Amino acid sequence: MRPLHLRYATGLALCLMLAVGPAWAQQGTGGMQSGGTAYYTFARPGQNTIEVLVLGGQSGIYEVGENINMGQLVALAGGGRGGGRTNVTVRHFRLKDGKRRKILDQDLDEFTERAQYPSLQDGDVIRLETSQGWGWREVLQITTAVTSLTFTVLRIFDIGR
């Protein structure tokens, strides 16, 4: 049996975990995860907000102040995580006449050079698509595979002997 002071310490720690744990789980850098979909809030208390769905980058539903522009939202969502051979495309969709229509389709490099970013509306969807370019490693892997396959076919059909 454990000494009395250890039993009290263990009980106290358990009570603290039960009481404080849920409060800690709700704190963070503006984000909360519920049911597999991340929900991020970036607005001052009392500020009018809009909800925008971001797909790609750090996907989730972003509740932001109504004065935030698309450039700021892309930065919050980690849309600039390219580098090297990675290309990022920014696409902006808005509900018009009962259909979701594309109102912007731009490479991230061109997007960052804009003089003014588009405003956002409640219900907008932002897609941040990344694609990889070909580097020397990929070319070397393909060349090696083709060479190996060629030698295998030559060997199987006894060509060149």
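Student: Why is tyrosine 40 called buried?

Tutor: The relative accessible area of tyrosine 40 is 11%, and a residue counts as buried under 20%, as exposed over 50% and as partly exposed in between (1.4 Å probe, protein chains only), so tyrosine 40 falls into the buried class. The model is predicted, so local features need pLDDT of at least 70 and side-chain atom pairs count only at pLDDT 80 or more, while totals for chains, interfaces and linings use all residues. Residues are numbered from 1 along each chain as its sequence is written, and side-chain values use heavy atoms, with hydrogens and water left out.

Student: What makes the ring pair of tyrosine 40 and phenylalanine 42 a stacked one?

Tutor: Four aromatic pairs are found in a search of the whole structure. In the pair of tyrosine 40 and phenylalanine 42 the ring centres are 6.5 Å apart and the planes are at 20°; rings of Phe, Tyr and Trp (its six-membered ring) pair if their centres lie within 6.5 Å, with planes under 30 degrees apart counted as stacked, over 60 as edge-to-face and the rest as tilted, so this pair is stacked.

Student: Why is the pair of phenylalanine 111 and tyrosine 117 called tilted?

Tutor: The centres of the rings of phenylalanine 111 and tyrosine 117 are 4.9 Å apart and their planes are at 40°, so the pair is tilted. Phenylalanine 111, at a relative accessible area of 2%, is buried, whereas tyrosine 117, at 27%, counts as partly exposed.

Student: How do you know that aspartate 105 and arginine 91 form a salt bridge?

Tutor: Their side chains meet with N to O at 3.1 Å, and a salt bridge is a side-chain nitrogen of Lys or Arg within 4 Å of a carboxyl oxygen of Asp or Glu, so the pair qualifies. Aspartate 105 lies in strand E6 (residues 99-107) and arginine 91 in strand E5, so the pair ties together parts that are 14 residues apart in sequence; these strands are DSSP runs of at least two residues, as helices (H or I) are runs of at least four, both numbered from the N terminus.

Student: What makes glutamate 129 a salt-bridge partner of arginine 91?

Tutor: The closest N and O atoms of glutamate 129 and arginine 91 are 2.3 Å apart. Glutamate 129 lies in strand E7 (residues 125-132) and arginine 91 in strand E5, so this pair ties together parts that are 38 residues apart in sequence. Arginine 91 counts as buried at 16% relative accessibility, while glutamate 129, at 25%, counts as partly exposed. Lysine 102 also meets aspartate 105 in a salt bridge (3.3 Å, N to O), and Arg91, Lys102, Asp105, Arg127 and Glu129 are linked in a network of salt bridges.

Student: Why is histidine 92 called buried, and what polar contact does its side chain make?

Tutor: Histidine 92, found in strand E5 (residues 86-96), has 0% relative accessibility and therefore counts as buried. The side chain of histidine 92 makes a polar contact with the side chain of aspartate 124 at 2.8 Å, such a contact being a pair of N or O atoms within 3.5 Å in which, within protein, one must be able to donate a hydrogen and the other to accept it, and residues adjacent in sequence count only if both atoms are side-chain atoms.
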